[in-house]
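Please look over the sequence and the model shown here before reading the report that follows.

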Amino acid sequence: MNAAAPMPLTARCGGPLHGRVRVPGDKSISHRALVLAALTVGETRISGLLEGEDVLRTAAAIGALGASVERGADGVWLVHGVGVGGFREPASTLDFGNSGTGCRLALGAVAGSPITATFDGDASLRKRPMRRILDPLERMGARVTGAAEGGLLPIILHGAVDPIPIIYESPVSSAQLKSAVLLAGLSAPGETTVIEAEATRDHTERMLKHFGAKVASKPHGDHGRRITLHGQPELEPASVVVPADPSSAAFPIAAALIVPGSDVTLEAVMTNPLRTGLLTTLRQMGATIEALETRDDGGEEVADLRVTASQLRAVDVPPERAPSMIDEYPILAVIASFAEGATRMRGLKELRVKESDRLAATADMLRVNGVEIEIDGDDLIVNGKGRPAGGGVVATHMDHRIAMSALVMGLASENAVQIDDSSFIATSFPGFTELMRSLGADLA
Ligand code: S3P
């Protein structure tokens with residue numbers, strides 16, 4: 001996919017969007033289900049797995065590490081695990097493509113096995129910081145060799161022979177970092193603890209418990225958590241049902257809000273409170289989003305979300321909300337450009353190290369479409385004036401979320417919006433174009 005010629009795509013304003021759709025499975029949970037299933041002894045069934053490029057890379061990686069991974073004719077994935085610490089040395093480089101999550105979770109899992117593996121990715125992933133993951137893993141006994149001492153991919157990781165449990169006060173609130181330490185901690189004797197200043201998505205903790213590990217989580221400070229794992233558990237296989245991804249649902253939700261006359265229902269969207277910062281923000285902006293039939297689906301809360309086109313006003317988004325909507329700022333920035341007034345999004349430093357420099361890419365996306373914006377330190381300010389001009393060609397920088405955000409903008413702006421490359425959308429949201437077209441979107 002990535003090496004192929006770029007695939008431009010254009011979004012135009014058409015009629016209202018209508019319908020009832022289900023977006024694909026959650027990316028975070030899909031990666032975790034594969035990695036943790038690989039660390040059990042026995043067979044795990046995973047239904048609803050996101051079959052996006054990123055997750056398929058993780059499936060290939062755990063296969064190369066010795067697990068058996070198979071997709072059944074019914075779409076259910078079957079993983080035969082090798083047990084904690086049981087990975088075998090892969091015959092070739094583990095290539096994670098565009099996926100930071102897959103790569104960082106696998107670094108953690110491999111750090112707890114006495115093997116050597118080379119990690120690599122595409123041009124976007126090769127720019128993303130890995131030191132933050134390697135620091136705690138080295139303290140746990142793993143070693144890193146290779147270019148730039150592992151600050152950037154490619155990295156050669158030598159897993160610990162006798163992993164050491166640590167107490168790690170994380171310098172950044174990152175679920176990927178937390179998860180890498182906990183995964184390495186599975187092989188260590190005693191307790192491994194991660195302290196985060198702001199609570200991040202807790203899917204790893206939930207799923208570790210689901211597979212039989214002992215994990216305790218308690219509040220830390222005003223917004224944080226202290227998570228402790230008891231090492232060397234025997235993980236038991238257990239079925240996983242992957243709920244629909246709220247970060248993917250964000251795009252049709254946004255489109256329904258800004259295209260006049262729209263009425264769209266998103267089925268069974270995961271509403272884990274550590275993922276719903278966007279919904280909180282949109283409701284403060286005056287969005288009509290009804291949560292219908294709230295229920296439990298495979299250990300996560302889900303709801304059908306009915307979204308109707310709404311008049312929106314600007315808001316101030318506090319920095320402590322960032323972890324619960326970290327992937328949603330590009331689409332919120334688009335929505336804010338359709339609101340009245342200046343929306344300020346605070347504390348967006350981490351956006352600079354996503355699939356692209358997302359702060360810069362979001363600002364450029366808005367600017368080329370006639371929206372007045374300002375970056376003030378780590379804050380983004382979007383001056384909404386009701387309806388942007390559009391008409392721009394957006395550089396997506398190998399970033400799926402910039403691509404989808406720009407297309408949503410074009411569905412409601414005065415003039416069409418074009419993106420330079422739609423191919424990266426398949427990393428997280430295969431079928432995006434078809435799903436949006438089924439609601440009435442003009443994408444061509
Ligand atoms: C993810 C965590 C977030 C998020 C990413 C998925 C995860 O990254 O941006 O898309 O599944 O743990 P950070 O942990 O680096 O903030």
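## Two side-chain contacts and their surroundings

His203 lies in helix H6, which covers residues 203-210; helices (H or I, at least four residues) and strands (E, at least two) are DSSP runs, numbered from the N terminus. This is a predicted model, in which local features need pLDDT of at least 70 and side-chain atom pairs count only at pLDDT 80 or more, while totals for chains, interfaces and linings use all residues. Residues are numbered from 1 along each chain as its sequence is written, and side-chain values use heavy atoms, with hydrogens and water left out.

The side chains of His203 and Glu300 are joined by a polar contact of 3.0 Å. A polar contact is a pair of N or O atoms within 3.5 Å; within protein, one must be able to donate a hydrogen and the other to accept it, and residues adjacent in sequence count only if both atoms are side-chain atoms. Leaving aside residues up to four places away in sequence, His203 touches Asp26, Ser28, Ile29, Arg32, Met270, Asn272, Arg275 and Glu300, where contact means heavy atoms within 4.5 Å.

Arg132 has its place in helix H4 (residues 131-139), and a polar contact of 2.9 Å joins its side chain to that of Glu350. With residues up to four places away in sequence again not counted, Arg132 touches Tyr168, Val172, Ser174, Leu177, Glu350 and Val353.

The table gives relative accessible areas, for which buried means under 20%, exposed over 50%, and partly exposed in between (1.4 Å probe, protein chains only).

| Residue | Relative accessible area | Class |
|---|---|---|
| His203 | 1% | buried |
| Arg132 | 17% | buried |
| Cys103 | 0% | buried |
| Cys13 | 34% | partly exposed |

A search of the whole structure finds zero disulfides, a disulfide being a pair of cysteine sulfur atoms within 2.5 Å.

Asp245 caps the N-terminal end of H7, with a side-chain oxygen 2.7 Å from the backbone nitrogen of Ser247.

A nonpolar core is a set of buried Ala, Val, Leu, Ile, Met, Phe, Trp, Tyr and Cys residues joined through side-chain atoms within 4.5 Å. The largest such core has 75 residues, of which Ile253, Leu266, Leu282, Tyr329 and Met345 touch the most other members. H7 gives the most to this core, with nine residues. A second, separate core of 66 residues includes Ala33, Ala37, Val181 and Leu186.

## Strands

Strands S12 (residues 215-220) and S13 (residues 224-230) run antiparallel and are joined by six bridges; two strands pair if DSSP finds at least two bridges between them. They form a hairpin with three residues between them, and Gly221 in the turn has a positive phi of about 65°. His220 stands opposite Gly224 in S13.

Elsewhere, an open sheet of four strands has the order S22-S23-S1-S24, with mixed pairing. Strands S22 (393-394) and S24 (442-443) stand at the edges with a single partner strand each, so one side of each is left without a neighbour in the sheet. S22 pairs with S23 (residues 417-419) in the parallel sense over two bridges, and Val394 stands opposite Ile419 in S23.
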